[in-house]
Structure formats: C-alpha cells, structure tokens
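Here's a friendly walk through a protein model. Have a look at the sequence and the structure first, and then we'll go through some of the parts.

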Amino acid sequence: MIIDNVYVYTANKIFVKGGIVLDGDKIMRVYEEEDAPKLTGNVIDGKGNYAIPGLIDLHFHGCKGDDVCDGDKEALGRIAEYEASVGVTAISPATMTLPVEELEHVLEVAAEYKKETNDFRKADLVGINMEGPFISHVKKGAQDEKNILPCSVEICDRFLKASNGLVKFIGLAPEESSNAIEFIQEVKDRVNVSLAHTNADYETAATAFAAGANHAVHLYNAMPEFTHRKPGVVGAVFDNKHVMAEIICDGIHIHPATIRATFRMMGADRMILISDSIRATGMPDGQYTLGGQDVKVVGKRASLGNTDTIAGSATNLMDCMRTAVKQMGLPLEVAVGCATINPARSLDIDDQYGSIEAGKKAHVVLLDKELNLTAVIKDGVRICYLLKLVNRIYSPKSSRLRFV
C-alpha cells in the first residue's frame, strides 16, 4: 500500500509533503514529494491530508459502556475496537482502586486477552496503568477509599505476575507509606512508578522522584495546587527532568491558559496527552459507574454521584488532541508528539510504535485540515466498518467521519 499526497508527520516532529510506503503490517519507506516512487498497486490519495502515527492512550478506563475493570475479554475487545475507530491504535488502560484479588483477576483477563487477540480492527493492548490502590485518602478523587492500601512490594509483584508483565505503571502516594522510598527503589527496575492521587508536598514528591519514580498521573488533578510558596508535586515534576507528566486536555479538567503555561514550563518532550476516559465515552448523557461508584455525565463533564468531583472524562484521546490544538492553542506538531511518540517512550514501545518510520508498525491516521478523521490504517489495513457499526459509534450530529 502507498499513502500518497499527504503531509507526513516525521520523526523530527514536523510535517513534510510526501507519502508513505507500507509493506504488510510494517512501514517500508517515508518519502518527500520530489522523491515519490512510481505509484502502482494499492494507492491511497491522501488529498493533502495530514498523516500522523496512530495515537497511544496510556491512561483511560473505558468507553462505549465498557470498562477495563469489568474483567471481561469481550469488553476489552469492544474497547479496543472503538479506540481504533477513532484513531487510537495502541492502548494502556488504567485500573481503579479495587480489592487486590479483584485487580488480580482484571490483570489476568487482560493478559489472556493480549495473548489471544491479533486483530487489525482493534487497538493493540500494550500495557496496563495501575492508578491504585497505593493512593491518598485525601486526594482519592473518584477512587473508593475502602480499598486504599499502603504500598507493598509483595502486592506489586502479585500484580506484575497476574498481568504477565503487562502492568507498565504502578501509582503511588508517597506520603501515605513510611516505606515509600524503599518501595520505589525496590520495584523501579521492573515497573514505572508514578505519583498518583497524592497529597505530597514538594519535598516528599522530589524525594520520591530522586528515588526513581519517573511519572506523574494527570498533572494538577488529584494532587496539591501549584502555588508560589507551595509548589507541590507540579513543582517537583518541573525540577526532575526525567519525569514524564500526563495531562488531560478535554476542556473540563484544566483551563487552557494553564495548559499553555505548563507546556512552556515543562517542555513538550515531557508531556503526555491522555484522555482518562470512562465507560460513558461515546455514549449519551446519563448515569454510569467508575470503580463501583456512581457517575453522572452531562456533556463532556463526568461527576461523582451528585457532587462536583470530576470522575474521569467522557472524551476520547483524538478529541482531546483536537481540543488541545483548536481550543487551547497548542501547535499541531506538539500535540501529535504528545499523543504518539511521548507515550510510546514511556511505555518502552517506541521501537515499534509512536512515529512514522521505516520498520515500525503500519499505524497511520489521516486528518483533514480541520483535524477531522478521514482514514485509519492499522497493521497496513485501512479500517472500514459496516454502516450499522458506524452509526452505532458516531451520531450524525457530531461525526464527520468519512472514508477515503
């Protein structure tokens, strides 16, 4: 397959007019317009669209009525199919704070699903992001407090074993456990340690990062405020340059000015766009659940019960990326990198995912100049859906999906 007449997002994080040659499920070559090969065989005319890598969401809970914590392989398949349909071709769903045995079951199911599934129509399951249970009672957010535990190497290893190594991040509130630093030093070489749902002050967070923690879960949310005298976790992230930070650009969680300031402060190479989407994503307004707790969804806002506590998002990663560009003022080149190569590097899968380069997986998404989806190529195959499925996923009022 050849994808011609597109602006290719290159490994240098710029767009270049040209095309992409695919060989089966791999990228064979990226060319500039003046070096175009003879166009024969299966050729897609990109009509001047942007060609970007398939997006990678390393922190979300579910969509289309399903949640990774349902512990159901069929649900995982439906989640993966929806994500691929919107241009998210690799996923690392996040678990909630649940009983240890229940989490082990969820992880075992995910490991079985990954072993059994190889379907170009579905996003690749490349990891699991464990948001709990080693979190803060004060900053628990939508997590169920009764299942919060102090950090434990033994329990962490049970999670890693149950997932057959699929767990890529383990969340931690370092102020909650006297052994937090020892825990980080013990497990850091076998799993990424993230600061998640934490009330840590600057000094505690900085000490955790110095010990080997390297990731921050949804920056600003479920952590202390960043102020001029108490910089908290955000300030500690800034001072520790090895730390990658997730951020939600759904237009609900964080003000656009804060998004712009944060990217200027941290630098785009350290930022990862996530959706934090819940099972309500792609569904009508109504009542849903997250981690066993009731969630009310109105428009883009998901709230815990009848409170004002935000409970995840109802927006997929592609829409978050659009919002970051069209409503928050991030350059497209920056937003694409933060939704592709940056998460790929954090997941340690950038040898195969995250950029359009020879030898990598043939995951390519085409967007028109208004950033509307025009095509998804997954494993070298252009994804097409029956009209019935398209109508189920996209409402006529909100969708501009079309196939090329």
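## A well-covered helix

Let's start with helix 6, residues 232-239, which is mostly covered: six of its eight residues are buried. Buried here means under 20% relative accessible area, with exposed being over 50% and partly exposed in between, using a 1.4 Å probe and protein chains only. The buried ones are G232, V233, V234, G235, A236 and V237. Helices (H or I, at least four residues) and strands (E, at least two) are DSSP runs, numbered from the N terminus.

What does the covering of those buried residues of helix 6 include? The list includes strand 13 (192-195), strand 14 (215-216) and strand 15 (244-248), along with helix 5 (202-211) and helix 7 (256-266).

## Where this comes from

This is a predicted model, where local features need pLDDT of at least 70 and side-chain atom pairs count only at pLDDT 80 or more, while totals for chains, interfaces and linings use all residues. Residues are numbered from 1 along each chain as its sequence is written, and side-chain values use heavy atoms, with hydrogens and water left out.

## The whole chain

Stepping back, the protein chain has 11 helices and 23 strands. Its radius of gyration is 20 Å, close to the 22 Å that the globule rule gives for 404 residues, so the chain is as compact as a globular protein of that length. That radius is taken over C-alpha atoms, and the rule is 2.2 Å times the number of residues to the power 0.38. Along the principal axes, the C-alpha atoms fill a box of roughly 65 × 40 × 40 Å.

Of the 404 residues, 59% count as buried. Take the contacts (heavy atoms within 4.5 Å) with a separation of 6 or more: residues 24 or more positions apart account for 70% of them.

Two strands pair if DSSP finds at least two bridges between them.

Strand 4 (residues 43-53) is joined to strand 21 (residues 364-367) by four bridges, and the two run antiparallel. I52 has V365 as its bridge partner in strand 21, and Y50 stands opposite L367 in that strand. Strand 4 is also joined to strand 1 (residues 2-9), this time by six bridges and running parallel; here V8 has A51 as its bridge partner. Strand 4 is mostly covered, with eight of its 11 residues buried.

Another open sheet has three strands in the order 5-8-10, with parallel pairing. Its edge strands are strand 5 (55-57) and strand 10 (124-125), each pairing on one side only. Three bridges join strand 5 to strand 8 (residues 88-91), and V88 is the bridge partner of L55.

## A residue in a loop

Is T281 buried or exposed? T281 counts as buried, because its relative accessibility is 1%. T281 is found in the loop between strand 16 (271-274) and strand 17 (286-290). Not counting residues up to four places away in sequence, T281 touches G62, C63, K64, Y82, S313, A314, T315 and N316. From T281 to L367 is 86 residues in sequence and 21 Å in space, C-alpha to C-alpha.
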